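Visitor: I would like to learn how to read a model like this one. Please show me where to start.

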Amino acid sequence: MIMSFFSIFTRRKRRKEVKARDSARERLKALVGNGRRMVYRIDDFESPEELAEKAEKIKDEIQKKASQLFNTDEKRVKVVVEEHNGYVVIIANINFE
Amino acid sequence: MWLAKVYVLTSGKGGVGKTTLAANLGTAMALKGERVALIDADIGLKNLDVVMGLENRIVYTLIDVANGKVHVFDALVRHKQLKNLSLLPASQIATKEMISPDDMKRIIGEMKERFDYIFVDCPAGIERGFRNAVAGADEALIVTTPELPAITDADRVIGLLENMGFEDDKIHLIVNRFKAHMVRNGDMLNIDDIKSALSIEVMGIVPDSEEVIISTNKGVPLSLNGADGRMNKILDGIVRRLEGEDVPIPNLNDLAEKNSLWNVIKSLFRHR
């Protein structure tokens with residue numbers, strides 16, 4: 001008897017559970033709120049010009065070396081230099097078909 | 001001279017429906033008489049040809065074009081029914097590193113004169129494949145579902161696009177697999193919640209529908225598969241907005257699946 005009396009309150013409490021939308025909205029605000037978006041930084045280079053200059057130099061060197069090693073035309077060696085949040089990523093495609 | 005407008009469909013997160021949307025928007029656009037090309041930039045995990053039902057017609061791929069083996073127009077696969085709709089397929093055995101953003105810019109540049117609209121299907125992620133896919137695009141369609149992981153990934157992608165020089169008015173949002181009944185019950189984020197989190201204009205809302213699964217399995221895009229009027233109307237609305245028309249975004253009632261008596265009777269026979 002006493003238990004069933006308390007169970008009424010338990011059910012009422014359940015009904016007041018936080019809705020998924022409200023919880024998602026709060027979490028979304030915390031995750032992406034205030035217009036915060038990932039911004040790339042260039043840490044190791046003082047200026048984008050310096051990065052571009054060095055990228056061109058390394059591209060030339062890789063093209064030369066790869067074309068010698070794989071016995072292919074320099075034009076068939078594609079080198080891309082990208083800067084990802086302070087990391088320089090170099091991707092070389094060597095087409096020696 | 002008219003040059004094609006190039007849209008990239010991107011999301012960050014995988015499985016939100018970029019490929020299906022690219023196929024359906026391209027088809028809906030072609031049905032309006034526009035010359036449309038679809039580019040599958042998801043090298044290694046290509047699917048656009050399968051969704052379009054063109055997987056058996058591929059001879060050359062994007063990689064063959066990038067390597068100068070064939071001209072881009074020799075690699076295009078024309079749709080069986082819509083002659084003004086073409087696909088530039090991706091290779092399954094290649095990797096995303098075998099193509100560069102410069103290659104994509106050049107290829108898209110060559111295609112621009114022959115088409116009115118080009119849709120680029122971007123792979124999931126924000127690495128090389130993403131950079132390739134967005135390289136030649138004029139505008140971006142960010143596809144998300146109304147769930148936190150998809151929205152937060154969309155937010156990162158928007159940030160990346162802004163850093164890459166895309167203006168705010170060139171980045172649009174499409175909310176896919178929207179469930180009106182869940183929004184009504186307070187179980188899902190609504191459009192205003194998503195819009196205010198991402199701070200970009202909504203180009204379209206696509207409701208969750210079994211029709212999409214059926215059409216994908218058949219390899220026939222929705223507009224050609226006799227989809228229900230609601231889905232056709234929604235796709236047509238997005239296409240018209242892309243063309244610059246001022247078409248209102250559908251409300252919750254428009255997006256809800258109608259359970260009319262006739263539909264219930266039809267579904268009973270379908271199960272048998």
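Visitor: Which residues of helix H9 of chain B are buried?

Guide: Bear in mind that this is a predicted model. Burial is read from neighbour counts: a residue is buried if 20 or more other C-beta atoms lie within 10 Å of its own. In helix H9 of chain B, residues 191-198, the buried ones are B:Ile194, B:Ala197 and B:Leu198. They are on the same side of H9(B), because they cover an arc of only 85° around the axis.

Visitor: What covers the buried residues of H9(B)?

Guide: The cover includes elements from both chains: H2 of chain A, and from chain B strand E6 (139-144), helix H7 (148-163) and strand E7 (171-178). As for what comes next in the chain, H9(B) is followed by B:Ser199, which has a positive phi, near 50°.

Visitor: How many residues of chain B are in contact with chain A?

Guide: An interface can be read by counting residues on each side, then asking which elements supply them. Here 20 residues of chain B are in contact with 19 residues of chain A. On the chain B side, H7 and H9 are the elements that give two or more residues. H7(B) provides the largest share, eight residues. By class, that side of chain B divides into seven nonpolar, seven polar and six charged residues.

Visitor: At what angle do the axes of H5(B) and H6(B) cross?

Guide: For a helix pair, read the distance between the axes, then the angle, then the residues in contact. The axes of H5 (residues 101-111) and H6 (residues 128-135) of chain B come within 7 Å and cross at roughly 25°. Angles under 35 degrees count as roughly parallel, so H5(B) is roughly parallel to H6(B). The crossing of the two is right-handed.

Visitor: Which residues make the contact between H5(B) and H6(B)?

Guide: H5(B) contributes B:Pro101, B:Met104 and B:Lys105, while H6(B) contributes B:Arg131, B:Asn132 and B:Ala135. Sorted by class, this contact has three nonpolar, one polar and two charged residues.

Visitor: How many Å apart in space are A:Val18 and A:Val77?

Guide: Their C-alpha atoms are 58 Å apart, and the two residues are 59 residues apart in sequence.

Key:
Residues numbered from 1 in each chain as written. Chains lettered and ligands numbered in written order. Predicted model: local features only at pLDDT ≥ 70, side-chain atom pairs only at ≥ 80, totals over all residues. Buried ≥ 20, exposed ≤ 12 C-beta atoms within 10 Å, placed from the backbone. Helix = DSSP H or I, 4+ residues; strand = E, 2+ residues; numbered from the N terminus. Arc of directions from axis to C-beta. Contact = placed C-beta atoms within 7 Å. Nonpolar A, V, L, I, M, F, W, Y, C, P; charged D, E, K, R; others polar. Axes fitted to C-alpha atoms, helices over the stretch in contact; angles between N-to-C directions. Parallel < 35°, antiparallel > 145°, perpendicular 65-115°, else oblique. Left-handed = near helix turned anticlockwise from the far one by under 90°.
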